[in-house]
Amino acid sequence: MLLKNASAQQDSVAYPWPEGKRAAISLSFDDARESQVIVGTKLLDQYGIKATFYVVPSTMQRQLAGWKAAVASGHEIGNHSLTHPCMENFDWSRSNALENYSLKTMKKNIQECTKKIEELLGVTPEVFAYPCGQKYIGRGSKTKSYVPLVSKMFVSRLARRSSQQPTLLQFCPAHRGGDGWQKL
Ligand SMILES: [Zn+2]
């Protein structure tokens, strides 16, 4: 969760908050873990709070009814890739390592995720969160950023500062370049 106070952002680009509001909170969760719809969305709904959930379709399907209910109650669904590829240093990611992807196969992976979300939930994700917060494909001299690819495909992208830290919203019109927000 991020809370940014407008008073701490006075040298940011001026942006009129809707209805004269002075701050905003963005809540987001990754991976479509079952607890997110068994417990999380119900709790959020109780307080009238909406969040963004970056889902991996195969995991989402374990609680599909819960995810459909989350969409119906107004939560946003984001793309978190079809197979959640991360660096090969992680044991669990070795057979699906970013190092073995090309820009073409990564694009296909992300497109397939969007397609699956559309099929299963009837919504088209407009936002993307990088699996493990890692933004490259290939290895050695062939390593490339896939940030430009994602930038063309989505209106907003989320990344973490490291794979062990909380997710940070990278883009917000009111806080471009502000501290704490990671722009990609
Ligand atoms: Zn993830």
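A residue is buried if 20 or more other C-beta atoms lie within 10 Å, and partly exposed in between. The model is predicted: local features need pLDDT of at least 70, side-chain atom pairs count only at pLDDT 80 or more, and totals for chains, interfaces and linings use all residues. Residues are numbered from 1 along each chain as its sequence is written.

**Chain and confidence**

- The protein chain has five helices and 10 strands; helices (H or I, at least four residues) and strands (E, at least two) are DSSP runs, numbered from the N terminus.
- Of its 184 residues, 26% count as buried.
- Among contacts between residues at least 6 apart in sequence, 66% join residues at least 24 apart; a contact requires C-beta atoms, placed from the backbone, within 7 Å.
- Mean pLDDT, the predictor's confidence in each residue from 0 to 100, is 83 for the protein chain, and 78% of residues reach 70 or more.
- In residues 1-10 the pLDDT is below 50, and the stretch has 19 contacts in the model beyond near neighbours in sequence.
- Residues 162-184 also have pLDDT below 50, with 54 contacts in the model beyond near neighbours in sequence.

**Helix α4**

- α4 has 19 residues and spans 27 Å from its first C-alpha to its last, close to the 27 Å expected at 1.5 Å a residue; the expected span is 1.5 Å times one less than the number of residues.
- Its buried residues are Met106, Asn109, Ile110, Cys113, Thr114 and Ile117.
- The packing partners of the buried residues of α4 are β4, α2 (57-60), β5 (76-79), β7 (136-137) and α5 (147-153).
- Gly122 follows α4 and has a positive phi, near 75 degrees.

**Largest nonpolar core**

- The largest nonpolar core has 25 residues, of which Ala32, Phe53, Val55, Met60, Met106 and Ile137 touch the most other members; such a core is a set of buried Ala, Val, Leu, Ile, Met, Phe, Trp, Tyr and Cys residues joined through C-beta atoms within 7 Å.
- Two or more residues of this core come from each of β4 (52-55), α3 (64-72), α4 (103-121) and β6 (127-129).
- α4 gives the largest share, four residues.
- Leaving aside neighbours within four places in sequence, Phe53 is in contact with Phe29, Ala32, Gln36, Ala70, His75, Ile77 and Gly78.

**Loop residues**

- Asp31, in the loop between β3 (28-30) and α1 (34-46), is a residue other than glycine with a positive phi, near 85 degrees.
- Asp31 is partly exposed, with 16 other C-beta atoms within 10 Å.
- Ser81 lies in the loop between β5 and α4; its phi is positive, about 80 degrees, although it is not a glycine.
- Ser81 is buried, since 23 other C-beta atoms lie within 10 Å.
- Gly140, in the loop between β7 and β8 (144-145), counts as exposed with 6 C-beta neighbours inside 10 Å.
- The C-alpha atoms of Gly140 and Glu99 are separated by 8.7 Å, and the two residues are 41 residues apart along the chain.

How values were computed. Buried ≥ 20, exposed ≤ 12 C-beta atoms within 10 Å, placed from the backbone. Contact = placed C-beta atoms within 7 Å.
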